[in-house]
Structure formats: C-alpha cells, structure tokens
Amino acid sequence: RRILWIGCGLATVQQATGINTVNYYAPTILESTGLGASASLILTVTVGVIAIIGTVIGIILLGFINRRPLIITGFIGVAAGHAVLAVSFLLPESNFRSYLILAAMLLVVFFVQTFIGTLVWLLLSEIFPMTIRGFAMGIAVFVLWTVNAAISFPFPPLVATLGATLTFGLFALINTGSILFVAKFAPETRGRSLEELE
C-alpha cells in the first residue's frame, strides 16, 4: 500500500510541474506577451524541439547517474523556471520580456523532459512488486492523467483570475514541495534488478 501511494505521488508531482500547461497553452502565453500570432506559433515549435533534445539527453543520463539526484535536479530547475516566469510577467511589456518568458518556458520544458518525464515513467515501471505491477501501474497512470486534467483545464481561468505572476508563482511553490516529496519518499532503483527491488 505504501509503495502504491509513492507511485501515485510520483505521478502527481510529474504533472504538477505544469509541463502540459506549457505544451497546451504555449501559443496563447507567448501571444499574451505581445508577440504576434505567427511568431508565437513559430516559437512554440522551439518548445517541441527542446522537449525532444531533453528527452534524448535524459535517456542517456539514466545509464550513468542515479535516479534520485536526477529527479531532484529536475524539480529544482522547474521551480526556478516557474519563478522566473512569475517575475517576468511583472516587467513592462517589451521584446525583452517576451523573450525572457520564452526562455523561462524553455527552461521548464528542458528540465521536465530531461530529468522528470522519462524518469517518473521508468520509476513507476520499476518500484511495484510483480504481483501488483499491472494493477498498480494502472492506478498510478490514472492518477497521472487525472492530475493533468485537473491542472490543464482550470489553467486559463486561473490566469485570468489570479494573473500570470501568481499562477506561475504557485507552480514554483508546488514544485519546491515536490523536491521534498522526492527527497523523502522516492526509492533509488538504478543498478538493482527487479527481484532485488521487490
């Protein structure tokens, strides 16, 4: 039961990075900074390219570095990226502000894709005992996509109500809490067989 709760917790903190709000609403966010619609769409492609590069680097790192330091590094980077986003929206509208917001979004995407996204899916496949692996994975993945929906759908009204600064500040705070969760509960699985982990 404890390991199932940890799996659900890992699924939750992965989505609490806010990665899918960036993926889903990147054009809207960039357009709100004063960039034109066509420029926003072109720059959104950059977000996708960074995601691919980050995933490839993350897969390579998995073979050389322990899981826990990687995932903690990821949450530190994501919290910092959201903090920069929160501060950026306080600046007067300018090209500098638009590109600073883009850079902060790319920072969030890079740290999630490199250090968190792939790792959480890998950890979920490793931590559950064989007897409950399929069932437990099903529950954890259900939690993951439920949290995704719970964050993604309210995001636009949340920004409209609280403003971008408070919204991204909230994400920074949540991801700081995620660091503590991973540091306390996430098991280290690298270099151990599934039998040893069980």
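I sort residues by class first: Ala, Val, Leu, Ile, Met, Phe, Trp, Tyr, Cys and Pro count as nonpolar, Asp, Glu, Lys and Arg as charged, and the others, Gly among them, as polar. The model is predicted, so local features need pLDDT of at least 70, side-chain atom pairs count only at pLDDT 80 or more, and totals for chains, interfaces and linings use all residues. Residues are numbered from 1 along each chain as its sequence is written, and side-chain values use heavy atoms, with hydrogens and water left out.

**Pocket**

I found 13 lining residues, each with an atom within 4 Å of a point. Q14, Q15, Q113, G117 and W121 lie nearest the centre. By class, the lining has 5 nonpolar, 8 polar and no charged residues. Helix α5 gives the largest share, 5 residues. I took helices as DSSP runs (H or I, at least four residues).

**Helix contact**

I turned to α7 (residues 155–162) and α8 (residues 164–185). Their axes, lines fitted to C-alpha atoms over the stretch in contact, come within 6 Å and cross at roughly 120 degrees. In the contact (heavy atoms within 4.5 Å), α7 uses F155, L158, V159 and L162.

**Rings**

I noted 8 aromatic pairs, with ring centres within 6.5 Å. Y25 and F155 are stacked (planes under 30 degrees apart), because their planes stand at 25 degrees, with centres 5.4 Å apart.

Terms used: Axes are lines fitted to C-alpha atoms, for helices over the stretch in contact, and angles run from 0 to 180 degrees between N-to-C directions. Helices (H or I, at least four residues) and strands (E, at least two) are DSSP runs, numbered from the N terminus. On a 1 Å grid over the protein atoms alone, a cavity is a set of points where a 1.4 Å probe fits but cannot get out, and a pocket is an open set with protein on both sides within 12 Å along at least five of seven lines; lining residues have an atom within 4 Å of a point. Rings of Phe, Tyr and Trp (its six-membered ring) pair if their centres lie within 6.5 Å; planes under 30 degrees apart count as stacked, over 60 as edge-to-face and the rest as tilted.
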